[in-house]
Amino acid sequence: MNTSSDKPFIVGIGGTASKGSSTEQALTIALSAAQAAGGRTQLFDGEALLALPHYGSGPLNSDGQALIEAVRAADGLIIASPGYHGSISGLVKNAIDYFEEMSKDKRVYLDGLPVGLIATAYGWQATGGTLGALRSIVHALRGWPTPMGAAINSSGKIFSNGVCQDEAAANQLNLVGRQVVEFAGRSAHHATQAPSRPLRNIN
C-alpha cells in the first residue's frame with residue numbers, strides 16, 4: 001500500500017470526448033463510494049484521456065507520465081468505458097496501452113491489484129460485450145477484476161448532474177467502489193502478514 005497514507009489509493013480512469021458523459025458520471029459515483037469507504041482517489045476523466053497521444057507514437061509527455069505514476073502508486077483501479085460497437089472505446093484503450101510502461105516494474109502491470117469495471121452503453125448488448133472486454137484486458141495485465149462489474153444501460157438518460165436516477169444502477173456503481181477499497185485493504189493486510197523468510201519443507 002502507498003506509504004504516504006493508511007487509506008488505499010484508488011485511481012479512476014474513464015470517460016469520453018464529451019465532458020460530463022454518462023461514463024464519466026458513472027465513474028465519479030463509483031469513486032465517491034470508494035472515498036466513503038475510506039479510500040483516497042484520483043480521477044483521469046475524458047479530458048485527461050484526450051490529452052494522451054497515441055501510445056507508442058513518441059516519448060511520454062507529462063500527461064502520460066502523470067497517468068503512469070498514479071497507476072504505479074495505486075492500491076486499486078476503477079476503469080469505466082462506453083460501449084462502442086460492442087467493445088471498449090479507443091480513448092480508454094489508449095490509456096490502458098500506457099500500462100505497457102510498467103512491464104518491467106517490480107509490480108508488473110497491475111499484478112495483484114483489484115480493478116473495478118464499469119461499462120455504459122445505449123443498450124444491454126453493448127454493456128455485456130464491453131464489460132467482458134474490460135475483464136479480459138485486466139486479466140491479461142495480471143489484475144483482479146472485482147466480483148461486481150457494473151453494466152449500465154444509459155439509454156434512459158439516468159444521469160443528471162452527477163446523480164444516478166436509477167436505483168439499481170446506482171447500487172452497482174456504489175458496490176464497485178466499495179469492493180475496490182475493501183479488496184485493496186485485504187491485499188495490504190496479507191502483504192504485512194506474509195512470512196519474512198521462506199517456509200521450510202516438511203518431509
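This short talk goes through the fold, the sheet, the cores and a few individual residues of one predicted model.

Before the details, a word on conventions: residues are numbered from 1 along each chain as its sequence is written, and side-chain values use heavy atoms, with hydrogens and water left out.

Let me begin with the chain as a whole. Its secondary structure comes to six helices and seven strands, where helices (H or I, at least four residues) and strands (E, at least two) are DSSP runs, numbered from the N terminus. Read from the N terminus on, the elements follow the order β-α-β-α-α-β-α-β-α-β-β-β-α. Of the 203 residues, 48% count as buried; buried means under 20% relative accessible area, exposed over 50%, and partly exposed in between, with a 1.4 Å probe and protein chains only. If we take the contacts with a separation of 6 or more, 75% of them are between residues 24 or more positions apart, a contact being heavy atoms within 4.5 Å.

Now to the sheet. Five strands form an open sheet in the order E2-E1-E3-E4-E5, with parallel pairing, and two strands are said to pair if DSSP finds at least two bridges between them. At the edges are strand E2 (40–44) and strand E5 (144–153), each of which pairs on one side only. On average, neighbouring strands of this sheet are turned by 15 degrees against each other, direction ignored; for such angles, axes are lines fitted to C-alpha atoms, for helices over the stretch in contact, and the angles run from 0 to 180 degrees between N-to-C directions. Helix H3 lies across E1, E2 and E3, and runs at about 140 degrees to E1. Between E3 and E4, which run parallel, there are six bridges.

What does Ser81 touch, leaving aside its neighbours within four places in sequence? Ser81 lies in strand E3, has Ala119 as its bridge partner in E4, and is in contact with Thr23, Ile88, Ser89, Val92, Ile118, Ala119, Thr120, Thr130 and Leu134. Because its relative accessible area is 0%, Ser81 counts as buried. A polar atom of the Ser81 side chain lies 3.1 Å from the backbone nitrogen of Ser89, and the C-alpha atoms of Ser81 and Val92, eleven residues apart along the chain, are separated by 6.3 Å.

Over in strand E5 we find Thr146, which is buried because its relative accessibility is 5%. A polar atom of the Thr146 side chain is 2.9 Å from the backbone oxygen of Met148, and, with neighbours within four places in sequence left aside, the contacts of Thr146 include Pro114, Arg135, Gln179 and Phe183.

Turning to the nonpolar cores, I use the term for a set of buried Ala, Val, Leu, Ile, Met, Phe, Trp, Tyr and Cys residues joined through side-chain atoms within 4.5 Å. The largest has 34 residues, of which Val11, Ile13, Leu67, Val71, Leu77, Phe99 and Leu110 touch the most other members. Two or more residues each come from strand E1 (9–14), helix H3 (62–73), strand E3 (76–82), helix H4 (90–97), strand E4 (114–121) and helix H5 (124–140), and the largest share, five residues, is that of H5. Apart from this core lies another, of 22 residues, among them Ala30, Ile118, Ile158 and Leu173.

Helix H1, residues 22–36, has 15 residues and reaches 21 Å from its first C-alpha to its last, close to the 21 Å expected at 1.5 Å a residue, where the expected span is 1.5 Å times one less than the number of residues. Its buried residues include Thr23, Glu24, Gln25 and Ala30, and H1 is followed by Gly38, whose phi is positive, near 110 degrees.

Tyr109 has a phi near 50 degrees and sits in the loop between H4 and E4, where it is buried because its relative accessible area is 16%. Asn161, with phi near 55 degrees, is placed in the loop between strand E6 (159–160) and strand E7 (163–164), and Asn161 is exposed because its relative accessible area is 78%.

Technical notes
This is a predicted model: local features need pLDDT of at least 70, side-chain atom pairs count only at pLDDT 80 or more; totals for chains, interfaces and linings use all residues. A polar contact is a pair of N or O atoms within 3.5 Å; within protein, one must be able to donate a hydrogen and the other to accept it, and residues adjacent in sequence count only if both atoms are side-chain atoms.
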